[in-house]
Amino acid sequence: DTLLAMSNLAISYYAVHRLADALELREEVLTIRRKLNGPEHTDTLSAQRNLANVYSAFGRRAEALKLREELLTIRRKVNGPEHPNTLSAMTTLAGSYSSADRYIEALKLLEEVLTLQRKINGPEHADTLVAQSNLASFYSAHGRRDEEIKLLEDMLRLRRKVNRPEHADTLSAMTTLANSYSKAHRHLEARKMREEVLTLRLKVLGPEHPDTLAAMSEVRRSPS
């Protein structure tokens with residue numbers, strides 16, 4: 001298959017930072033896919049997503065954003081609003097909106113993705129927790145500390161319910177929440193959580209593991 005070979009070659013070019021060559025191939029593949037298969041075919045949509053990624057890597061954000069907006073419109077039409085491919089397209093477009101300083105549109109998409117993930121998969125599903133983390137990161141980047149902390153506290157509650165207290169994902173959620181407490185000047189809560197992380201790290205990994213040593217450092221640096 002010539003188009004598959006072109007796509008694979010574009011991947012190779014991209015891997016060795018020959019972006020101009022990768023871009024030329026990606027544009028050609030998308031043009032041919034649209035001609036052969038039409039704009040709504042799965043292979044066309046994959047080619048469009050790949051080209052948008054190369055545009056983004058090239059710093060051609062406006063072109064990447066335009067392709068991603070078009071891709072989301074088609075995904076909603078072809079797959080419906082709750083399909084995983086649609087939700088993935090929404091998340092990617094939200095990233096493009098953020099890069100373009102179109103924060104209101106980015107926030108709207110991230111909130112919509114989380115609402116849909118909760119509806120489709122429930123609050124404890126891995127995809128829902130990723131969507132919740134993405135929204136919390138957006139809130140953090142824009143100084144919306146109370147909303148960020150509320151989401152992170154809920155995530156930790158769910159992590160503790162779904163996983164063991166010593167699970168890596170639970171400990172990561174605790175560390176992230178402790179950092180947010182610190183940024184919100186809630187230092188006692190931050191220190192208490194970091195001490196709990198350290199206790200669990202010592203129990204699971206021992207005193208000499210790098211993650212335990214990092215947890216010790218975090219406790220030492222936390223205001224009492």
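Contact here means heavy atoms within 4.5 Å. With that settled, I looked up how far along the chain the contacts reach. Of the contacts in the protein with a separation of 6 or more, 47% are between residues 24 or more positions apart. I keep in mind that this is a predicted model.

**Entry: overall layout**

I went through the secondary structure next. I find eleven helices and zero strands, so reading along the sequence is a matter of α-α-α-α-α-α-α-α-α-α-α. For the extent, I took the C-alpha trace along its principal axes, and it spans about 65 × 35 × 30 Å.

**Entry: surface and charge**

I checked burial over the whole protein: of its 224 residues, 39% are buried. The accessible surface comes to about 12,500 Å², and carbon and sulfur atoms hold 52% of that area. Then charges. I have 34 positive and 30 negative ones, and their mean positions sit 2 Å apart.

**Entry: the largest pocket**

Rolling a probe the size of a water molecule over the atoms shows where empty space is left. The largest pocket holds about 200 Å³ of space. Its lining has 14 residues, and the closest to the pocket centre are Pro 84, Leu 87, Ser 88, Gln 117 and Asp 127. Which elements give two or more residues to that lining? I get helix 5 (84–99), helix 6 (103–121) and helix 7 (126–141).

**Entry: Val 54**

I clicked on Val 54, which is in helix 3 (residues 42–57). Buried or exposed? Its relative accessible area is 3%, under the 20% cut-off, so Val 54 is buried. I then listed what Val 54 touches, leaving aside neighbours within four places in sequence: Tyr 14, Leu 19, Leu 23 and Arg 26. I also took a distance to Ala 22, which is 32 residues away along the chain; the two C-alpha atoms are separated by 7.5 Å.

**Entry: Arg 33**

Arg 33 is in helix 2 (residues 19–37). How does Arg 33 count, as buried or exposed? Its relative accessibility is 13%, and anything under 20% is buried, so Arg 33 goes down as buried. Beyond four places in sequence, Arg 33 is in contact with Asp 1, Leu 3, Gly 38, Asp 43, Thr 44 and Ala 47. Two of the names I noted there are Asp 1 and Asp 43, and Asp counts as negative while Arg counts as positive.

**Entry: two histidines**

Most residues other than glycine have a negative phi. I looked for exceptions and wrote down two. His 17 has a positive phi of about 65 degrees, and His 185 also has a positive phi of about 65 degrees. Where do they lie? I place His 17 in the loop between helix 1 (2–15) and helix 2, and His 185 in the loop between helix 9 (168–183) and helix 10 (187–205). Exposed means over 50% relative accessible area, so His 17 at 68% is exposed. By that cut-off His 185, at 63%, is exposed as well.

**Entry: Leu 188**

I took one distance from it, to Glu 111: the pair is 77 residues apart in sequence and 30 Å apart in space, C-alpha to C-alpha.

Definitions and conventions: Residues numbered from 1 in each chain as written. Predicted model: local features only at pLDDT ≥ 70, side-chain atom pairs only at ≥ 80, totals over all residues. Heavy atoms only, no water. Helix = DSSP H or I, 4+ residues; strand = E, 2+ residues; numbered from the N terminus. Buried < 20%, exposed > 50% of the residue type's maximum accessible area, 1.4 Å probe, protein only. Areas by Shrake-Rupley, 256 points an atom, 1.4 Å probe, with all protein chains shown as cover. Charge placed at Lys NZ, Arg CZ, Asp CG, Glu CD. 1 Å grid on protein atoms, 1.4 Å probe; cavity = no way out; pocket = protein on both sides within 12 Å on 5 of 7 lines; lining within 4 Å. Points joined across faces, edges and corners; volume = space filled by probe spheres on them.
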